[in-house]
Amino acid sequence: MNKDEHDHKHCLELFEKLSEYLDNELDEVTCQGIEKHVKECVPCFVCLQTLKRTIDLCKQTENRSVPKDFSEKLKEAIQNMPKSPSAR
Ligand SMILES: [Zn+2]
């Protein structure tokens, strides 16, 4: 089994959609694609959790938009990610 073919490009594409996903603005198929991906991709899963929490915090302060700075940081994190698979 070669798990090394994880494509971070896909991660980045997904990132563009994450906030819409959390806002329930995406169709079911796209949502399922995201859910499937984060199950297999730990970095994306962690980022999704972080983004969720951030949005929750934003909602509490009645500001629903995610700071642009934040998503830029996430993108950077993905791009700088070492390519080693985390499977044991
Ligand atoms: Zn990913």
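Donors are here taken as N, O and S atoms within 2.8 Å of the metal (3.2 Å for Na, K and Ca), and since water is not among the atoms, sites may look incomplete. On that criterion, the donors of the zinc ion follow the spacing C-x25-H-x3-C-x2-C along the chain. This is a predicted model, in which local features need pLDDT of at least 70 and side-chain atom pairs count only at pLDDT 80 or more, while totals for chains, interfaces and linings use all residues. Residues are numbered from 1 along each chain as its sequence is written, and side-chain values use heavy atoms, with hydrogens and water left out.

**Fold**

The protein has 4 helices and 0 strands, where helices (H or I, at least four residues) and strands (E, at least two) are DSSP runs numbered from the N terminus. Of its 88 residues, 27% count as buried; buried means under 20% relative accessible area, exposed over 50%, and partly exposed in between (1.4 Å probe, protein chains only).

**Zinc site**

The zinc ion is coordinated by Cys11 (SG), His37 (NE2), Cys41 (SG) and Cys44 (SG), at 2.0 to 2.3 Å. The 4 donor atoms subtend angles of 101 to 120 degrees around the zinc ion, which makes the arrangement tetrahedral, a label that four donors receive if all angles lie between 85 and 135 degrees. For comparison, the ideal angle at a metal is 109.5 degrees for four tetrahedral donors.

Cys11 lies in helix H1 (residues 8–22), whereas Cys41 lies in the loop between helix H2 (28–40) and helix H3 (42–60), so this pair ties together parts that are 30 residues apart in sequence. His37 is placed in helix H2, and its C-alpha atom is separated by 8.3 Å from that of Cys11, 26 residues apart along the chain.

A search of the whole structure finds 0 disulfides, a disulfide being a pair of cysteine sulfur atoms within 2.5 Å. The sulfur of Cys47 is 6.2 Å from the closest cysteine sulfur, which belongs to Cys44, and this is too far for a bond.

**Salt bridge and surface**

The structure holds 1 salt bridge, defined as a side-chain nitrogen of Lys or Arg within 4 Å of a carboxyl oxygen of Asp or Glu. In this contact the side chains of Lys75 and Glu16 meet at 2.8 Å, N to O. Lys75 lies in helix H4 (residues 68–79) and Glu16 in helix H1, so the pair ties together parts that are 59 residues apart in sequence. Both partners are partly exposed, Lys75 with a relative accessible area of 26% and Glu16 at 45%.

Val42, Phe45 and Val46 make a nonpolar surface patch of about 250 Å². Patches are made of residues with over 30% relative accessible area and no salt bridge, like charges being joined within 9 Å and nonpolar side chains (Val, Leu, Ile, Met, Phe, Trp, Tyr) within 5 Å; accessible areas come from the Shrake-Rupley method with a 1.4 Å probe, and for residues only the protein chains shown count as cover. Phe45, in helix H3, is partly exposed with a relative accessible area of 39%.

Asn24 lies in the loop between H1 and H2 and counts as exposed at 67% relative accessibility. The phi of Asn24 is near 60 degrees, a positive value in a residue other than glycine.

Terms used: Four donors count as tetrahedral if all angles lie between 85 and 135 degrees; four count as square planar and six as octahedral if opposite donors are over 155 degrees apart and all others between 65 and 115; anything else is irregular.
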